Amino acid sequence: MKYQVVVPAAGQGKRMQAGKNKQFIELVGKPVIIHTLMVFEQDEDCAGVILVVNENERVVFEELVLKHSIHKVSSIVSGGLERQHSVYNGLLAVDGVEIVLVHDGARPFVKQQLLSKLVSAASESGAAIAGVPVKDTIKKATNANKVVETVERSSLWAVQTPQAFRVSILKQAHEKAVEDDFLGTDEASLVERLDHEVIIVESDYQNIKLTTPEDLVFAEAILQKWKGI
Ligand SMILES: Nc1ccn([C@@H]2O[C@H](COP(=O)(O)OP(=O)(O)OP(=O)(O)O)[C@@H](O)[C@H]2O)c(=O)n1
Ligand SMILES: C[C@](O)(CO)[C@H](O)COP(=O)(O)O
(Lines give C-alpha, C1' and ligand atoms only; values in the text may rest on other atoms or scores of the structure.)
(Ligands and ions follow the chains in the order given, each with its own letter.)
Protein backbone atom coordinates (compact mmCIF):
# COMPACT_ATOMS: atom_id res chain seq x y z
CA MET A 1 0.00 0.00 0.00
CA LYS A 2 1.31 3.45 -0.90
CA TYR A 3 2.20 5.86 1.88
CA GLN A 4 3.87 9.21 2.38
CA VAL A 5 6.42 9.93 5.07
CA VAL A 6 6.99 13.06 7.13
CA VAL A 7 10.67 13.37 8.06
CA PRO A 8 11.26 15.93 10.83
CA ALA A 9 14.81 17.32 10.45
CA ALA A 10 14.34 20.79 11.91
CA GLY A 11 15.92 20.29 15.31
CA GLN A 12 18.99 22.03 16.73
CA GLY A 13 20.94 18.91 17.65
CA LYS A 14 21.90 20.44 21.01
CA ARG A 15 22.61 17.11 22.78
CA MET A 16 24.94 16.08 19.94
CA GLN A 17 27.17 19.07 20.77
CA ALA A 18 28.31 19.22 17.15
CA GLY A 19 27.72 22.97 16.82
CA LYS A 20 25.36 22.30 13.89
CA ASN A 21 22.21 20.41 13.00
CA LYS A 22 23.15 16.73 13.41
CA GLN A 23 21.38 15.95 10.12
CA PHE A 24 24.45 17.37 8.36
CA ILE A 25 27.03 15.24 10.18
CA GLU A 26 28.74 12.97 7.64
CA LEU A 27 28.71 9.22 8.18
CA VAL A 28 31.07 7.47 5.76
CA GLY A 29 30.85 10.29 3.27
CA LYS A 30 27.10 10.95 3.40
CA PRO A 31 25.14 13.30 5.71
CA VAL A 32 22.90 11.61 8.26
CA ILE A 33 19.76 12.96 6.54
CA ILE A 34 20.78 11.43 3.22
CA HIS A 35 21.25 8.00 4.79
CA THR A 36 17.72 8.34 6.17
CA LEU A 37 16.15 9.63 2.95
CA MET A 38 17.78 6.89 0.88
CA VAL A 39 15.76 4.25 2.71
CA PHE A 40 12.52 5.82 1.44
CA GLU A 41 14.03 6.59 -1.98
CA GLN A 42 14.50 2.86 -2.42
CA ASP A 43 11.00 1.88 -1.25
CA GLU A 44 8.57 1.52 -4.16
CA ASP A 45 5.58 2.01 -1.85
CA CYS A 46 6.81 5.43 -0.73
CA ALA A 47 4.67 7.97 -2.61
CA GLY A 48 6.54 11.02 -1.35
CA VAL A 49 8.67 12.42 1.42
CA ILE A 50 7.70 15.63 3.21
CA LEU A 51 10.96 16.96 4.63
CA VAL A 52 10.62 19.36 7.56
CA VAL A 53 13.54 21.75 7.93
CA ASN A 54 14.71 24.87 9.70
CA GLU A 55 13.89 27.70 7.28
CA ASN A 56 17.45 29.02 7.51
CA GLU A 57 18.76 25.60 6.41
CA ARG A 58 16.31 25.11 3.51
CA VAL A 59 18.85 25.84 0.78
CA VAL A 60 21.39 23.45 2.32
CA PHE A 61 18.79 20.68 2.42
CA GLU A 62 17.67 21.43 -1.14
CA GLU A 63 21.27 21.22 -2.36
CA LEU A 64 21.87 17.92 -0.55
CA VAL A 65 18.65 16.40 -1.95
CA LEU A 66 19.74 17.42 -5.45
CA LYS A 67 23.37 16.30 -5.05
CA HIS A 68 22.33 12.84 -3.82
CA SER A 69 19.48 12.44 -6.36
CA ILE A 70 16.74 12.01 -3.78
CA HIS A 71 13.76 12.26 -6.13
CA LYS A 72 11.03 11.28 -3.68
CA VAL A 73 11.17 14.50 -1.64
CA SER A 74 7.79 15.90 -2.74
CA SER A 75 7.85 18.95 -0.49
CA ILE A 76 10.05 20.77 1.99
CA VAL A 77 8.19 22.59 4.77
CA SER A 78 9.26 24.74 7.72
CA GLY A 79 9.71 23.21 11.16
CA GLY A 80 8.39 24.55 14.43
CA LEU A 81 9.65 25.21 17.93
CA GLU A 82 9.03 21.65 19.09
CA ARG A 83 9.27 18.36 17.21
CA GLN A 84 5.47 17.99 17.47
CA HIS A 85 4.97 21.33 15.70
CA SER A 86 7.36 20.30 12.96
CA VAL A 87 5.55 17.02 12.44
CA TYR A 88 2.19 18.80 12.29
CA ASN A 89 3.49 21.23 9.68
CA GLY A 90 4.63 18.24 7.63
CA LEU A 91 1.36 16.38 8.14
CA LEU A 92 -0.57 19.30 6.63
CA ALA A 93 1.39 18.74 3.40
CA VAL A 94 0.44 15.05 3.13
CA ASP A 95 -1.90 14.47 0.20
CA GLY A 96 -3.39 11.60 -1.80
CA VAL A 97 -2.62 8.69 0.55
CA GLU A 98 -4.44 6.99 3.41
CA ILE A 99 -1.36 6.08 5.44
CA VAL A 100 1.36 8.42 6.66
CA LEU A 101 4.60 7.48 8.38
CA VAL A 102 6.53 9.84 10.62
CA HIS A 103 10.24 9.07 10.79
CA ASP A 104 12.98 11.04 12.54
CA GLY A 105 15.64 12.35 10.18
CA ALA A 106 18.06 11.38 12.97
CA ARG A 107 17.30 7.65 12.57
CA PRO A 108 19.31 6.64 9.47
CA PHE A 109 19.33 2.87 10.07
CA VAL A 110 15.67 1.97 9.71
CA LYS A 111 15.29 -1.26 7.74
CA GLN A 112 13.10 -1.31 4.64
CA GLN A 113 11.31 -4.49 5.68
CA LEU A 114 10.00 -2.68 8.75
CA LEU A 115 8.26 -0.08 6.59
CA SER A 116 5.84 -2.50 4.92
CA LYS A 117 5.08 -4.20 8.26
CA LEU A 118 4.18 -0.82 9.78
CA VAL A 119 2.07 0.23 6.80
CA SER A 120 0.03 -2.98 6.82
CA ALA A 121 -0.37 -2.87 10.62
CA ALA A 122 -1.51 0.76 10.44
CA SER A 123 -3.96 0.03 7.62
CA GLU A 124 -5.46 -2.64 9.91
CA SER A 125 -5.48 -0.82 13.25
CA GLY A 126 -5.04 2.82 12.29
CA ALA A 127 -1.85 3.24 14.30
CA ALA A 128 1.35 1.16 14.38
CA ILE A 129 4.75 2.10 15.78
CA ALA A 130 8.24 0.63 15.81
CA GLY A 131 9.75 -0.49 19.08
CA VAL A 132 12.11 -2.89 20.80
CA PRO A 133 11.83 -4.63 24.16
CA VAL A 134 13.64 -2.74 26.91
CA LYS A 135 16.94 -4.36 27.86
CA ASP A 136 17.72 -2.40 31.01
CA THR A 137 15.87 -2.41 34.31
CA ILE A 138 13.78 0.79 34.48
CA LYS A 139 13.07 2.56 37.76
CA LYS A 140 11.01 5.58 38.70
CA ALA A 141 12.76 8.01 41.06
CA THR A 142 12.12 11.27 42.88
CA ASN A 143 13.79 14.55 41.86
CA ALA A 144 16.37 13.66 44.50
CA ASN A 145 17.12 10.40 42.59
CA LYS A 146 15.55 8.26 45.34
CA VAL A 147 14.07 5.12 43.80
CA VAL A 148 10.28 5.07 43.99
CA GLU A 149 9.61 1.85 42.12
CA THR A 150 11.04 -0.68 39.71
CA VAL A 151 8.85 -0.87 36.62
CA GLU A 152 7.97 -4.41 35.50
CA ARG A 153 10.27 -4.84 32.48
CA SER A 154 8.42 -7.58 30.61
CA SER A 155 5.78 -5.13 29.37
CA LEU A 156 8.13 -2.25 28.54
CA TRP A 157 9.09 -1.18 25.02
CA ALA A 158 11.59 1.39 23.85
CA VAL A 159 9.57 3.04 21.11
CA GLN A 160 11.20 4.39 17.94
CA THR A 161 10.09 5.78 14.62
CA PRO A 162 8.74 5.11 12.00
CA GLN A 163 5.29 5.58 13.45
CA ALA A 164 2.50 4.86 10.98
CA PHE A 165 -1.07 6.14 11.04
CA ARG A 166 -4.23 6.55 9.07
CA VAL A 167 -3.90 10.20 8.04
CA SER A 168 -7.31 11.18 9.46
CA ILE A 169 -6.44 9.73 12.87
CA LEU A 170 -3.10 11.52 13.14
CA LYS A 171 -4.65 14.81 12.03
CA GLN A 172 -7.41 14.46 14.66
CA ALA A 173 -4.77 13.66 17.30
CA HIS A 174 -2.67 16.72 16.48
CA GLU A 175 -5.75 18.96 16.41
CA LYS A 176 -6.77 17.74 19.86
CA ALA A 177 -3.23 18.26 21.17
CA VAL A 178 -3.34 21.86 19.94
CA GLU A 179 -6.76 22.40 21.54
CA ASP A 180 -5.53 20.94 24.84
CA ASP A 181 -2.10 22.58 24.62
CA PHE A 182 -0.62 19.08 25.00
CA LEU A 183 2.97 18.36 24.00
CA GLY A 184 4.00 14.75 23.51
CA THR A 185 7.39 13.25 22.69
CA ASP A 186 6.01 11.03 19.94
CA GLU A 187 2.96 10.91 17.66
CA ALA A 188 1.54 7.80 19.30
CA SER A 189 1.11 9.64 22.61
CA LEU A 190 -1.23 12.05 20.83
CA VAL A 191 -3.23 9.20 19.27
CA GLU A 192 -3.46 7.42 22.63
CA ARG A 193 -5.23 10.54 23.94
CA LEU A 194 -8.04 9.77 21.46
CA ASP A 195 -8.38 6.39 23.22
CA HIS A 196 -7.38 4.87 19.89
CA GLU A 197 -5.41 1.62 19.95
CA VAL A 198 -1.75 1.76 18.96
CA ILE A 199 0.07 -1.44 17.93
CA ILE A 200 3.80 -1.95 18.43
CA VAL A 201 5.67 -3.65 15.58
CA GLU A 202 8.98 -5.11 16.73
CA SER A 203 11.93 -3.28 15.19
CA ASP A 204 15.62 -3.83 15.90
CA TYR A 205 18.28 -2.31 18.12
CA GLN A 206 20.17 -0.80 15.18
CA ASN A 207 17.35 1.67 14.51
CA ILE A 208 18.97 4.17 16.86
CA LYS A 209 18.26 7.87 17.04
CA LEU A 210 21.52 9.82 16.73
CA THR A 211 21.19 12.03 19.82
CA THR A 212 24.47 12.27 21.79
CA PRO A 213 28.11 12.08 20.61
CA GLU A 214 28.61 8.42 21.48
CA ASP A 215 25.76 7.52 19.12
CA LEU A 216 28.09 8.45 16.26
CA VAL A 217 30.46 5.68 17.37
CA PHE A 218 27.60 3.19 17.28
CA ALA A 219 26.60 4.58 13.89
CA GLU A 220 30.04 3.98 12.38
CA ALA A 221 30.02 0.44 13.81
CA ILE A 222 26.58 -0.24 12.34
CA LEU A 223 27.70 0.98 8.92
CA GLN A 224 30.85 -1.15 9.14
CA LYS A 225 28.78 -4.26 10.01
CA TRP A 226 25.92 -3.49 7.62
CA LYS A 227 27.69 -2.49 4.53
CA GLY A 228 31.15 -3.86 5.12
CA ILE A 229 32.32 -0.27 4.99
N1 LIG B 1 11.64 21.42 16.67
C2 LIG B 1 12.08 20.23 16.19
C3 LIG B 1 12.81 19.33 17.03
C4 LIG B 1 13.25 18.13 16.49
N5 LIG B 1 12.99 17.86 15.17
C6 LIG B 1 13.47 16.62 14.59
O7 LIG B 1 12.92 15.52 15.29
C8 LIG B 1 13.87 14.42 15.29
C9 LIG B 1 14.06 13.88 16.71
O10 LIG B 1 14.37 14.95 17.55
P11 LIG B 1 15.76 15.04 18.40
O12 LIG B 1 16.53 13.78 18.28
O13 LIG B 1 15.44 15.56 19.74
O14 LIG B 1 16.57 16.16 17.57
P15 LIG B 1 16.99 17.60 18.08
O16 LIG B 1 15.79 18.31 18.61
O17 LIG B 1 17.75 18.22 16.95
O18 LIG B 1 18.02 17.26 19.26
P19 LIG B 1 18.22 18.09 20.60
O20 LIG B 1 16.99 17.86 21.43
O21 LIG B 1 19.45 17.44 21.18
O22 LIG B 1 18.43 19.53 20.20
C23 LIG B 1 15.17 14.96 14.70
O24 LIG B 1 15.34 14.45 13.38
C25 LIG B 1 14.98 16.47 14.71
O26 LIG B 1 15.64 17.12 13.64
C27 LIG B 1 12.26 18.74 14.36
O28 LIG B 1 12.04 18.47 13.18
N29 LIG B 1 11.82 19.91 14.89
C1 LIG C 1 9.80 10.07 18.52
C2 LIG C 1 10.93 9.39 19.24
O3 LIG C 1 12.01 9.18 18.37
C4 LIG C 1 10.44 8.05 19.76
O5 LIG C 1 11.46 7.45 20.53
C6 LIG C 1 11.45 10.23 20.44
O7 LIG C 1 10.41 10.41 21.38
C8 LIG C 1 11.94 11.58 19.98
O9 LIG C 1 12.45 12.24 21.14
P10 LIG C 1 13.30 13.57 20.94
O11 LIG C 1 13.75 14.01 22.30
O12 LIG C 1 12.37 14.56 20.27
O13 LIG C 1 14.42 13.19 20.07
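Asn145 is found in the loop that joins strand S8 (138-141) to strand S9 (147-151), where helices (H or I, at least four residues) and strands (E, at least two) are DSSP runs numbered from the N terminus. Its phi is near 60°, a positive value in a residue other than glycine. Gln17, which is not a glycine either, has a positive phi of about 55° and sits in the loop between S1 and strand S2 (26-27). Gln17 is exposed, with 9 other C-beta atoms within 10 Å.

The model is a predicted one, in which local features need pLDDT of at least 70 and side-chain atom pairs count only at pLDDT 80 or more, while totals for chains, interfaces and linings use all residues. Residues are numbered from 1 along each chain as its sequence is written, and chains are lettered from A and ligands numbered from 1 in the order in which they are written.

The protein chain has seven helices and eleven strands. Its radius of gyration is 17 Å, close to the 17 Å that the globule rule gives for 229 residues, so the chain is as compact as a globular protein of that length; the radius is taken over C-alpha atoms, and the rule is 2.2 Å times the number of residues to the power 0.38. Along its principal axes the C-alpha trace spans about 50 × 40 × 30 Å, and buried residues make up 36% of the 229 residues. Among contacts between residues at least 6 apart in sequence, 72% join residues at least 24 apart, a contact being two C-beta atoms, placed from the backbone, within 7 Å.

Seven strands form an open sheet of mixed pairing in the order S5-S4-S1-S6-S10-S7-S11, where two strands pair if DSSP finds at least two bridges between them. Strand S5 (73-78) and strand S11 (199-202) stand at the edges with a single partner strand each, so one side of each is left without a neighbour in the sheet. Neighbouring strands of this sheet are turned by 25° against each other on average, direction ignored; axes are lines fitted to C-alpha atoms, for helices over the stretch in contact, and angles run from 0 to 180 degrees between N-to-C directions. Strand S4 (residues 46-53) runs parallel to S5, to which five bridges join it, and Val53 stands opposite Ser78 in S5. Helix H2 (residues 58-67) packs on the sheet, touching S4 and S5, and its direction makes about 165° with that of S5.

Strand S10 (residues 157-166) is mostly covered, with seven of its ten residues buried. S10 pairs in the antiparallel sense with strand S6 (residues 99-102) over four bridges, in which Val100 has Phe165 as its partner. Strand S7 (residues 127-133) also runs antiparallel to S10, joined by six bridges, and Gly131 is the bridge partner of Val159. Pro162 lies in S10, and the peptide bond from Thr161 to Pro162 is cis, with omega near 15°.

Which strand gives the largest share of the shell around ligand 2? That share, three residues, comes from S10. The surrounding residues are Arg83, Asp104, Val159, Gln160, Thr161, Thr185, Asp186 and Lys209, each with its C-beta atom, placed from the backbone, within 6 Å of the ligand. By class, one is nonpolar, three are polar and four are charged; Ala, Val, Leu, Ile, Met, Phe, Trp, Tyr, Cys and Pro count as nonpolar, Asp, Glu, Lys and Arg as charged, and the others, Gly among them, as polar.

Around ligand 1 there are 21 residues, of which Pro8, Gly11, Lys14, Arg15 and Ser86 come nearest. Ser86 lies in helix H3 (residues 83-91) and counts as buried because it has 25 C-beta neighbours inside 10 Å. Beyond its neighbours within four places in sequence, Ser86 is in contact with Pro8, Ala10, Val52, Gly79 and Gly80. H3 is mostly covered, seven of its nine residues being buried, and what covers those buried residues includes S4, S5 and S6.

Technical notes. A residue is buried if 20 or more other C-beta atoms lie within 10 Å of its own, exposed if 12 or fewer, and partly exposed in between; C-beta atoms are placed from the backbone.
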